[in-house]
Amino acid sequence: MYCPIDDRPASRPFRPARLLSRSLPVVLFLAMAITAKAQSSLSEGYAREIAPLSATERVGSEVWFNATAFNDRFFTYGFQQRVGGLIDWYGILAAEKKKDIFQAWGGIPDPDCCVPGEPNCPAKSLSETYGFQWCPGDDVLLKYIGKYGYPDPACDLTDVPAQGADQRQSACDLHFGTSTGILGLRKFPNPRFDRSAWLKLNGDKPESWEGYRGALNVFPTDAQNRTSRLFDGSIEPPYRIGMACGACHIGYKPDKPPADPNHPAWENIDGLVGNQYSRVSNILGSGFGKHALEWQLIARARPGIVDTSALPMDYVSNPGTMNAIINFKQRPLHEHEILKWRRAAACPAGTQAEKCWCEPGKLGKCWERSTKKELQPNILKGGEDSIGIKEAIQRVYFNIGSCSEQCWLNHIPDLRAADPKQRNYGQTPFDIGQCRRDCASFRAIEDRLDDIEAFFFTARPTDLWKARGLASPEALEAELDQQFFPGAVKRGRDIYARQCASCHSSGKPPFDNTDFRATVPGDPTLRADWLGNDELEPASEIGTYAGRSLHSNHMRTRVWEQYAALDIHERPRDPARPEVMAGAGRGYYRNISLLSAWAHAPFMHNNAIGPEICGKPADKQVDFYDSPYVDAEGKPIASPPACLSYDTSVAGRYQLYVASMRDMLNPGKRIDKMHLLDDDIIIDIAPKLQNPELNKLLGLEISVRIPKGYPALAINSLRFKDLIQDTVLRRTDAQKLDEKYAGLLNAKQLADLKDGLQRLILDAILKDRPTVLELAADRDRFVQRFYSNNLGRVENSGHRFGETLSDQDKDALIAFVATL
Amino acid sequence: MNMQNLLRAIAVIGVLLLGAGIYVCYTKHGTPERPVISFAPLTDGALKDPDNPLKIFHVDFAKLEHDLPLSRADRAKLTPENLTVLSQEEIDQIYARLTAGPVPDGFMRGNLFFENGVDGLKSRLAEILGGGLGTVADAKIDTLEKLGRSMWKGKYFFRDERVLRNVIEDFKPLEALIEAPDRLQTVEIPRQGLLSYVSPNSTAWLLFPAKLYCGQSLVDGRRESIIIDYAYTNDLPGYMERPDALAGRGGLAIRDEIRMVRPGFYLGRAYANRIFLLNFTVYDAETAENGLQAFLDGKPVAEDCWAGEQGMAAAP
């Protein structure tokens, strides 16, 4: 019998560390010596790396690396069944596929995990681990597969001693689990697992997942391509897989890269630098065949970028990079009008819970929602996460599915809910207060945001001179001058001051005498200049692919409304954008920081300017590189430039930087990049029934086919629900159609819209009565004009600043920026 | 006619009249009054989408349940009949304030119903698909709806196996669609209507097997529902492609979900290819009636699925 209360790890009835930490210092010392099975004690290497940090920074690191905050249910149930995503976890995490973790998925291999049967591996056979790698803590975890009561390592996290009574939510609710073999991906024993059913399904081999994920051959047309056995929710796998923030943000240290990126050591690993090789998008779509709409929606991203707004389904193709979290203490602040929850000692009597709420049983732990002007950074690439660093950190956890059931899933649309009267038709605003009340893991994270922020503040830029093992910045300058030309760095500095610093400096002009590499007094590691002003500029002025700037989740009534400052809601749209949309702040990018730019190429928010990079997995089935290079007609070019193999070395990063800078400063030489569908998409609205007689009686046979070679961006950004609604209104209630577009379209545009809808209905639907609706060119132009959230197609366009510099000046600029 | 035969005839006529009276009462109860329970406003007028002023918002389920929890007394007011007079949003608001409860066991009589005031599935699909495609769909859907209304009698839950089979009235014309009518599983179910006084049970087919598991609701993600999944049933004993495939992944891709109103009474939602089709109830009169008082007295009810964190704590 399933016992739902056991979905959470039991809190330890006796917490020696916590009790003793409030006692005598000598006892505290003893307690510290005997407690903790959290990651720091499971891994000597990790513990060694975080040892120099303060207590609060260490806690922050542990949470950042390991806490999933209850999203293992999301990545086992919610993502598949409710969102319609599909992940083949075994295909990614199987021990026998360890060699491809980095090359295929860009995952950072966990140095502490081993393949069962290898020398010194505690597990001797794959059957012991159900085919996964063995990782520290699995000696306990494996005993709880199919059982309740797993003692999650998070319960043993040694929190910073509390000031007064400890009001924090139990650390158990952080949900650490153990490593999967990829840092940031965590595994949990599935209490619902039925071993006998698993063995029956998988040919008596516990390590085999083939019955669970294997090809379906009952119906020839759906084998692997249209449906997958992985959607069968009646089968419970041995593990539930969760995701920590580290899954995207853990990367290799630019100045201390691994000799072999497939086998790193802890000293090579950094939790905040960002993983520019990660293919998280491909992970999230790994269970689909390529015919599936969802595969083409999710998995069209280059390494190092992920469309974090895709899960809330904003219908904007806008994958973005995992930024390096460095030098945050110097990040520019901006005044915003902010409505948010703030800590309070108590709530006035009679206050509504929507305005002030005290956590039951926690004296004085209250929150009040109020509006104030505050100085806060513009976070995210459009600056839309703008109510505070801590809130932005907390929101990351929702992006990765934490508390999804308690407070998130009901606010995102169902892809196939096409009836506008129904729930789940579109986004609704996530309610922070409700989530705090109803999700223990929200509180567990929130109560440790100070720790995570402290951890963030430990990160510093990586200087190229140090990475090269040179004695000083001047030695690097000499090397760069030698590479480019004598005096290149100094000349580059002047160009930077004159042409770049107005956006890429947090200082104030004039910049003639600015030391862009100055450090803060008293801290020689902390740069004074953020090398970006974080100001918001219209994307049309920058000219780059606008997807990220157009994302709409922060708008009023949308899912992340409460994470945007009020002034962002009111900001007019970029008037130069051609898309049909109201205001609410869309169409802006913030200027980014160029700190350690040498280590973070390719460039721009989508890593599109610069060479394409790729891994070389041994298993070609998981080689996800496809050339995005197209000609002026948007067709693939015959001989595209080859992708550059992942090279995490200092020299490799630097070479990629130089090539990317040249690409950026020479826009006329760029070859357009546009991801095209690499297979037909077939969307079954009402499929043909497999049995001919049943099909004759009841089959509908209505499918939409979008051909291979179509721009993926055009599909990903389509407001298809609006199109369906308008098609119905065109036939049934033209007045409502007028009402819908009043203020959005002028009379001519509205007439065009109606005309186009009428043609669509007459030609594509009534006249042809097709069983497969093909996307024709003229039809597509009309649909895209009115229903695309992003009419940009070329991914590496724009940012032409510096184009007119001489070749020598461009070299000078490349040389100088490498020193930043 | 001798006296004995006359008495017999009177007795039979009496039984028939009694049956007819009960039947009339029963059918009168087919238009029941609305249950007196609290609902949030059916739309949330405070929210206006900047891009689409026609977009309709509803009150968030978490707020609804926090502000207006459904008490056991409220749930006792609900019947399979009076649910049918409610609007779809009201049905949704009830569903969201329920938990999955225990996976049922045995036969449960079924009733399907569409949004009140809407002409069944046809108009909904026609609207969604657009005029042309909707027209194409209408005739087929009409057939399906008629089949469903007239022949679907309920669901037979095999709790221990986590399997369900639909109870379909034995109907000769349907046999042509069935691969091997002689191999069909059958079940005896209580008969309803006048004939029940003459012959209390009838034989029905067990068709369209489905797997039962705890899973995600497609309308309220805050807690699990009991999922009735027809997609992967070809490995179940007795699976018969014709007609069972009709509901499966190669057919209409039906997926139902149910939550417990009270013991013996569940409210469900049916989806085809993830598109919402209709509501239904399954009801076991004996369990529902015998267990009502204990339920009202606060006796704990088993929860086989994850009940979420907001829980039902606010509901007395």
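How many of the 11 residues of helix 32 of chain A are buried? In this predicted model, eight of them are buried, so helix 32 is largely enclosed by the rest of the structure.

The buried residues of helix 32 of chain A are A:Lys810, A:Asp811, A:Ala812, A:Leu813, A:Ile814, A:Ala815, A:Phe816 and A:Val817. They pack against helix 21 (473-483), helix 22 and helix 25 (650-665) of chain A.

## Helix 22 against helix 32

Helix 22 (residues 488-499) of chain A packs with helix 32 (residues 807-817) of chain A at an angle of about 95°, and their axes are 7 Å apart. Helix 22 is therefore roughly perpendicular to helix 32.

On the side of helix 22, the residues that make this contact are A:Ala488, A:Val489, A:Arg491, A:Gly492, A:Arg493, A:Ile495 and A:Tyr496. Helix 32 contributes A:Asp809, A:Asp811, A:Ala812, A:Leu813, A:Ala815, A:Phe816 and A:Val817. By class, the contact has nine nonpolar, one polar and four charged residues.

## Helix 5 against helix 19

In chain A, helix 5 (residues 55-66) and helix 19 (residues 449-456) pack at an angle of about 95°, with axes 7 Å apart. These two helices are therefore roughly perpendicular to each other.

The contact is made by A:Thr56, A:Glu57, A:Val59, A:Gly60, A:Ser61, A:Val63 and A:Trp64 of helix 5, together with A:Asp450, A:Asp451, A:Ile452, A:Ala454 and A:Phe455 of helix 19. Six residues of this contact are nonpolar, three are polar and three are charged.

Key:
Residues are numbered from 1 along each chain as its sequence is written. Chains are lettered from A and ligands numbered from 1 in the order in which they are written. This is a predicted model: local features need pLDDT of at least 70, side-chain atom pairs count only at pLDDT 80 or more; totals for chains, interfaces and linings use all residues. Axes are lines fitted to C-alpha atoms, for helices over the stretch in contact, and angles run from 0 to 180 degrees between N-to-C directions. Helices (H or I, at least four residues) and strands (E, at least two) are DSSP runs, numbered from the N terminus. Angles under 35 degrees count as roughly parallel, over 145 as roughly antiparallel, 65 to 115 as roughly perpendicular and the rest as oblique. Two residues are in contact if their C-beta atoms, placed from the backbone, lie within 7 Å. Ala, Val, Leu, Ile, Met, Phe, Trp, Tyr, Cys and Pro count as nonpolar, Asp, Glu, Lys and Arg as charged, and the others, Gly among them, as polar. A residue is buried if 20 or more other C-beta atoms lie within 10 Å of its own, exposed if 12 or fewer, and partly exposed in between; C-beta atoms are placed from the backbone.
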